[in-house]
Amino acid sequence: MSPVDKELGSPESVGRMTRRAFAWGGASAIAGVAGWKWVTSRSVEGLVPWPLRRVLELDEKVGRSIFRSGHLAPTFAASRSKMPRVNGKAGIDLELNVDAWRLQVQGPKGAQSFNLAEVKALPRFEMTTELKCIEGWSTIVQWAGARLSDLAALTGLAARDGKPGRIEPDSPDLLRFASLATPDGKYYVGLDMPSAMHPQSLLCYEMNGQPLNKYHGAPLRLAIPVKYGIKNLKQIGTLRFTDTQPADYWAERGYDWYSGH
Ligand SMILES: Nc1nc2c(c(=O)[nH]1)N[C@H]1C(S)=C(S)[C@@H](COP(=O)(O)O)O[C@H]1N2
Ligand SMILES: [Mo]
């Protein structure tokens, strides 16, 4: 088995990674944006250029250390999933042109952008978890998407030195926070970095086996079951890594900034 075919994480507890693995077409599509030339110009150890190989190793390390600490949100049988009510439309543009849409990823050391195909080229994870709203309701939802931590590791932008593949979950090399916002900036959430790098924090393009619809945040939303619904930002425009605690829409309206459960 080559390193790129490895199944990352535990299928039982985190959700299944479909064995599409890290398709080279996809990896190069992303790295084309992220600096494929730089990646491929590095010395090649084995068959995988080291920046990408470190990313893959890193993902495992992140997964393992979080499994050890045991802070996983409960998962459910996919058959129990339902569509949640459409709740909260701040910052959502129902007319958004998905073809022109880009996920902007930013950090102190640079910025990169990704189209939807490039996000989908990252390893795909599925999980069935509870979406819990602070209003008191909760719904079991099946999600599919890419790990936020994989994007962070690939871009290097969550790392203090801005280098891909050098993230260690508990390392001071990692910036302290992530901030996500809608394309118009009208809805925004702040996350502590350990929660953002959690293996169940997914950038989702599917809900309950269907492509994400515009009311639930197409083309890409966050599913972060270690947090309340308010942090599960729909229609992501930007993802920014920073050392300064980010502004948060609901924290500004009196809710707990952390909002974990
Ligand atoms: N852009 C955006 N994302 C958002 C909100 C919002 O108002 N705008 N509301 C949040 C809240 S309070 C909840 S409970 C969930 C609801 O997700 P759903 O509409 O898919 O059920 O979305 C979250 N994400
Ligand atoms: Mo909510």
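A pocket, as the word is used here, is an open set of grid points where a 1.4 Å probe fits, with protein on both sides within 12 Å along at least five of seven lines. In this predicted model, the largest pocket is the space taken by ligand 1.

**The ligand and its surroundings**

Ligand 1 is surrounded by 21 residues, and the closest include Arg-85, Ala-90, His-216, Arg-221 and Lys-234. By class, the shell around ligand 1 consists of 11 nonpolar, 6 polar and 4 charged residues.

Arg-85 takes part through a backbone N or O atom, and Ala-90 through a polar backbone atom. His-216, in contrast, uses a polar side-chain atom.

| Residue | Atom of ligand 1 | Distance |
|---|---|---|
| Arg-85 | oxygen | 2.6 Å |
| Ala-90 | nitrogen | 2.8 Å |
| His-216 | oxygen | 2.6 Å |

How much of ligand 1 does the protein bury? Ligand 1 taken alone exposes 530 Å², and 97% of that is buried by the protein.

**Cysteines**

The structure holds 0 disulfides. Cys-133 has a relative accessible area of 10%, so it counts as buried, the cut-off being under 20%. Cys-204 is also buried, because its relative accessible area is 0%.

Conventions: Residues numbered from 1 in each chain as written. Chains lettered and ligands numbered in written order. Predicted model: local features only at pLDDT ≥ 70, side-chain atom pairs only at ≥ 80, totals over all residues. Heavy atoms only, no water. Near = heavy atom within 4 Å. Polar contact = N/O pair within 3.5 Å; in protein donor to acceptor, adjacent residues only side chain to side chain. Areas by Shrake-Rupley, 256 points an atom, 1.4 Å probe, with all protein chains shown as cover. 1 Å grid on protein atoms, 1.4 Å probe; cavity = no way out; pocket = protein on both sides within 12 Å on 5 of 7 lines; lining within 4 Å. Sits in = over half its atoms within 2 Å of the grid points. Nonpolar A, V, L, I, M, F, W, Y, C, P; charged D, E, K, R; others polar. Disulfide = S-S within 2.5 Å. Buried < 20%, exposed > 50% of the residue type's maximum accessible area, 1.4 Å probe, protein only.
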